[in-house]
Amino acid sequence: MRIEQDIKLDFKDVLIRPKRSTLTSRSEVDISRDYVFPYSRKTYHGIPIIAANMDTIGTFAMARALARHTLSTALHKHYGEAELLDFFTALPKDAAIFYSMGITKPDFDKFRRVMDSADGTIGHVCVDVANGYTKAFIRFIHQIRGEFPAITLMAGNVVTGEMTEELILGGVDIVKVGIGPGSVCTTRKVAGVGYPQLSAIIECADAAHGLRGLICADGGCTSPGDLAKAFGAGADFVMLGGMLAGHDECAAEIVEVDGQRKMRFYGMSSREAMNKYAGGVAGHRASEGKEVLLDYRGPLENTLQDILGGVRSACTYVGARKLKELSKRTTFVRVTQQLNEVFGTA
Ligand code: 5GP
């Protein structure tokens with residue numbers, strides 16, 4: 001047994017220190033980014049926020065709504081082949097919308113069939129496993145990169161520099177970072193495993209950027225300020241689940257509870273998701289996600305303006321004219337308190 005004595009940090013442990021700047025208004029700030037992916041060699045331009053590949057969040061409706069503002073979506077993996085083909089063939093060719101998959105043989109067989117028929121319309125793929133530390137996952141990454149050299153490949157999840165390097169050396173363009181921080185994730189409770197998300201981002205971004213790779217910070221953002229901290233810590237992309245939940249674009253019914261309109265939201269390893277897709281929780285495993293009922297929030301548009309406005313505001317406070325400059329201009333201060341909650345927590 002060993003103990004790492006360094007304190008690792010979460011979003012709630014820091015604030016971004018303001019810096020002198022000549023910027024006068026948020027409207028002067030450009031929060032889009034341009035990247036060239038290291039393996040696919042494709043160029044990317046957009047606001048680097050991605051809707052999570054959860055079945056309520058990574059929907060076609062979400063993808064269309066976010067694409068209007070140049071944000072991305074990782075579609076969930078439960079769509080059928082015909083509907084995926086219809087969706088992708090109607091998209092502009094370079095839209096960064098990710099086809100998602102796990103690492104089972106049926107996942108790969110389905111992907112090969114879809115790619116055969118997709119006529120080059122699928123350019124971005126997200127390979128998602130709860131635990132990116134297994135040999136089977138690494139083997140899969142080598143196999144998919146070998147067969148599909150031109151796809152932009154995002155894969156994870158991991159939380160440490162050495163696995164980030166291994167994935168990038170194995171052919172991944174964007175390493176997905178986060179184990180346990182998600183809003184409906186219970187891995188930390190069930191398994192006692194995880195890593196504070198801000199430190200995971202800092203360490204994995206450092207490892208990735210040294211190899212010209214990119215990272216996507218996945219999970220744990222609860223407010224626009226958390227996205228600003230993730231970008232400030234070096235994230236190239238940020239993935240959101242809970243912050244996009246409860247909207248019209250989600251695949252969830254509105255239910256009435258005591259006269260209030262609510263929407264269901266659950267983790268992809270929750271009992272609810274496993275009952276829906278896997279015929280229940282398999283005997284040898286525990287559910288690692290939960291279900292919550294959220295207030296219904298209407299169309300995504302207003303929430304989206306809040307999120308983008310928050311990131312722009314952070315840039316203004318540190319004098320970053322472009323999102324690209326945010327991490328260079330970020331100094332975090334460690335804090336013991338974030339908010340004044342005398343009138344509530346909202
Ligand atoms: P959020 O933005 O809601 O905090 O986090 C979203 C992320 O939580 C997803 O992208 C995914 O990585 C993770 N996640 C989703 N469902 C589950 C689950 O059931 N268990 C765990 N451990 N993580 C989940």
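Biologist: Hi! How many bridges join β8 to β9, and do they run parallel or antiparallel?
Modeller: Four bridges join β8 to strand β9 (residues 174-177), and the two run parallel. Strands here are DSSP runs of E with at least two residues, helices are runs of H or I with at least four, and both are numbered from the N terminus. Two strands count as paired if DSSP finds at least two bridges between them.

Biologist: Is this model predicted or experimental, and how are the residues numbered?
Modeller: This is a predicted model, where local features need pLDDT of at least 70 and side-chain atom pairs count only at pLDDT 80 or more, while totals for chains, interfaces and linings use all residues. Residues are numbered from 1 along each chain as its sequence is written, and side-chain values use heavy atoms, leaving out hydrogens and water.

Biologist: Back to β9, then. Which residue stands opposite Ile174?
Modeller: That is Met154.

Biologist: Which peptide bond is cis?
Modeller: The one joining Gly156 and Asn157, with omega at about 15°. Asn157 sits in strand β8 (residues 152-158). Most peptide bonds are trans.

Biologist: What sheet does β8 belong to?
Modeller: A closed barrel of eight strands, running β4-β5-β6-β7-β8-β9-β10-β11 with parallel pairing. On average, neighbouring strands of this sheet are turned by 25° against each other, direction ignored. For such angles, axes are lines fitted to C-alpha atoms (for helices over the stretch in contact), and angles run from 0 to 180 degrees between N-to-C directions.

Biologist: Where does Asp119 lie?
Modeller: In the loop between α3 (105-118) and β7 (124-128). Asp119 is not a glycine, yet its phi is positive, about 55°.

Biologist: New topic! In what order do the strands of the open sheet come?
Modeller: Three strands form it, in the order β12-β13-β14, with antiparallel pairing. β12 (254-257) and β14 (291-295) are the edge strands, each pairing on one side only. Neighbouring strands of this sheet are turned by 45° on average, direction ignored.

Biologist: How many residues lie between β12 and β13 in their hairpin?
Modeller: Two, and Asp258 in that turn has a positive phi of about 50°. β12 pairs with β13 (residues 260-266) over four bridges. Val257 stands opposite Gln260, and Glu256 has Arg261 as its bridge partner.

Biologist: And how many bridges join β13 to β14?
Modeller: Five, again antiparallel. Met263 stands opposite Leu294 there.

Biologist: Last one. Which elements each supply at least two residues of the lining of the second largest pocket?
Modeller: β1 (14-16), α8 (224-232) and α10 (300-318). Thanks for the chat!
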